Amino acid sequence: MSRRFSSAIMAVAVLTTVSLGLLMPVNGQTPAKVATPAATPWTPPRTPDGQPDIQGIYARGGVGGLAVEARESNGPHGAENPLDATASNPLSVSDRPDGLRNIPKGFNVGGTPVAGPAPAEKRRLGLIDPSNKVLPWKPEEDRNRRDFLKRTNPAASLRYVEYDARCALPGLFLGNGPFEFIQPPQEVVVLSEYSHFTRVIHLDGRPHLGSNIRLFNGDSVGHWEGNTLIVDTTNFNEFTAFSREIPYLSDALHTIERLTIIDQNNMDYEVTVDDPKLFTKPWKTAGLYRKVKKGYEIMEYACAEGSLTLENIFGKPPSR
Amino acid sequence: MNTIRRSIISAAAFATILWLMEIPALAQAPAARAGAPRRMADGKPDFNGIWQALNTAAWDIQDHVGQLGVPPGQGVVEGNEIPYQAWALAKKKENFANRKTADQTEVNCFLPGVPRITYMPFPFKIAQTSKAIAFSYEFAHGLRIIQMEGNHPDPDSFPDTWMGDSRGHWEGETLVVDVRNFNDQTWFDQAGNFHSDALHVVERYTLTDPDHINYEATIEDPKVFTRPWKMSMPLYRRVEKNMELLEYECVFYLQEERYKNAPFKK
């Protein structure tokens, strides 16, 4: 009897500690409510082939633009250097040690209007693993990366031009859609307004492509576990980037994404970045997908057709 | 008695075998599946899959002889005549003479417009649900979302586009796609056939069997042609197991080539 009583007290103590941890005030604001188990979970409708139906157009935030590691000023560019993450540096992202931040009202360039209220509970955005917020670089690869960044402004050669300034396919991390999800049988198809690309996530159990096929956007296979879509992507080429601060990843990149339905308008997003050529272990970053207002239509984004970027940087190439 | 019964049973078995062989799935004959197209849950014909044109329209939509690098072909234009206005016919000939520098799709990998992107020699994917239809093209990762609701944007206030604005509806078994809001930057082929920003295309996609689409595109452009005209061609399903679109990123490849010795003296 007394053992059960003390166990109960222990359980209450643990629960309280955990709850208080989640209720840590951010920026002096009152803590948000933690969703209790009694809160009614959203049950999505189903597609004809039985998938949870997440179809619609979404804005995405919180994934790239990472600059949460140890600060270090790098030479004459000072605050313009993406690694010099101070509050005044517009390239810096979250400085907060707790990893929680307020959900921004509209976080797309141009302010894509979102549908419905933000999720009731604060979401994690940005780097969530490792918890000390220092990316697990191999030391020599971190040095290589910092040396590389010194030659990007101005770009020393074509190699040092950011991929999305070249209108390259942005891979999984660059750009922010908006994204239209459609779900034909045995697939989740993601259409991006940015760069007008299509990602096909195969749910039919097929294997990945052979290892000699390398793609900017990789090759994605996935499956549903309850209301979470899990996507495994391999076959990346060597022309991918994570953000301005991480201007390249390697062709050993392997990602695992988890997209979890919160309610009819919002989805949690987590991606594990596993690149054994650059990092000592995988790391994880989080984002949020929010449905945009009804009536929004994806527009044409003709990047190469209107771009003078390379000519402006380097001059006109000699004619053939 | 036993013998007669056995004979009858044998005859019945033989007849059954003959009858079973009429069913295509069990017959020896391979190749295209006979029968009606698959259907979506909402009853519409199912266009999901990867498709490709198998003709030479990308080089020249009219009859043309072979040359080095250009396969010969019978045209896809009905009547083989493109009804150019007099000034436009001269312009087409000028385009043809300049095609090695003036065809922005071949020279710069720019978006080919509609319907040229349909018959580029690359596969494309149709993703279809009851709510949305999208065409994704392997060439330059082209994308057309076929809006099944709403109207074309106002051309006076909305920017022109390379791939047009596509609005779809069903006419029986046929997906009809009305495309407007084009710019004047694309050609219909490498032979210099062109249009203005008044271009209006009506596409019709009809499944003739599970693996073939009959594709028609009616072209209307009062600034360039004397009347509407039409192209038509079959589209073939890519039936390979685990077929998927890959990436043909010619913009990137061209940059690697053109800027490999950058920076250049200004």
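Predicted model: local features only at pLDDT ≥ 70, side-chain atom pairs only at ≥ 80, totals over all residues.
User: What makes A:Leu191 stand out in the largest nonpolar core?

Analyst: That core has 104 residues, and A:Leu191 is one of those with the most contacts inside it, alongside A:Val189, B:Ala134 and B:Met233. Membership requires a buried residue of a nonpolar kind, joined to others through C-beta atoms within 7 Å.

User: Why is B:Pro222 called partly exposed, and where is it found?

Analyst: B:Pro222 has 13 C-beta neighbours inside 10 Å. A residue is exposed at 12 or fewer and buried at 20 or more, so B:Pro222, with its 13, counts as partly exposed. The residue is found in the loop of chain B between β8 (212–220) and β9 (229–237), and its C-alpha atom is separated by 8.8 Å from that of B:Ser196, which is 26 residues apart along the chain.

User: How do you know that the buried residues of α6(B) line one face of the helix?

Analyst: In helix α6 of chain B, residues 250–258, the buried residues are B:Val251, B:Phe252, B:Gln255 and B:Arg258. Seen down the helix axis, these fall within an arc of 135°, so they line one face of α6(B). On the other side of the helix, B:Tyr253 and B:Glu257 are exposed.

User: What covers the buried residues of α6(B)?

Analyst: The cover includes two helices of chain A, namely α3 (303–306) and α4 (309–314).

User: Which elements of chain B supply the side that touches chain A, and what classes of residue does that side have?

Analyst: In the contact between the chains, 35 residues of chain B meet 34 residues of chain A. On the chain B side, β2 (124–128), β3 (133–137), β4 (143–147) and α6 each supply at least two residues, and α6(B) gives the most, with four. By class, this side of chain B has 18 nonpolar, nine polar and eight charged residues.

User: How many helices and strands does chain A have, and what share of its residues is buried?

Analyst: Chain A has four helices and 10 strands, and 33% of its 320 residues are buried.

Terms used. Residues numbered from 1 in each chain as written. Chains lettered and ligands numbered in written order. Arc of directions from axis to C-beta. Contact = placed C-beta atoms within 7 Å. Nonpolar A, V, L, I, M, F, W, Y, C, P; charged D, E, K, R; others polar.
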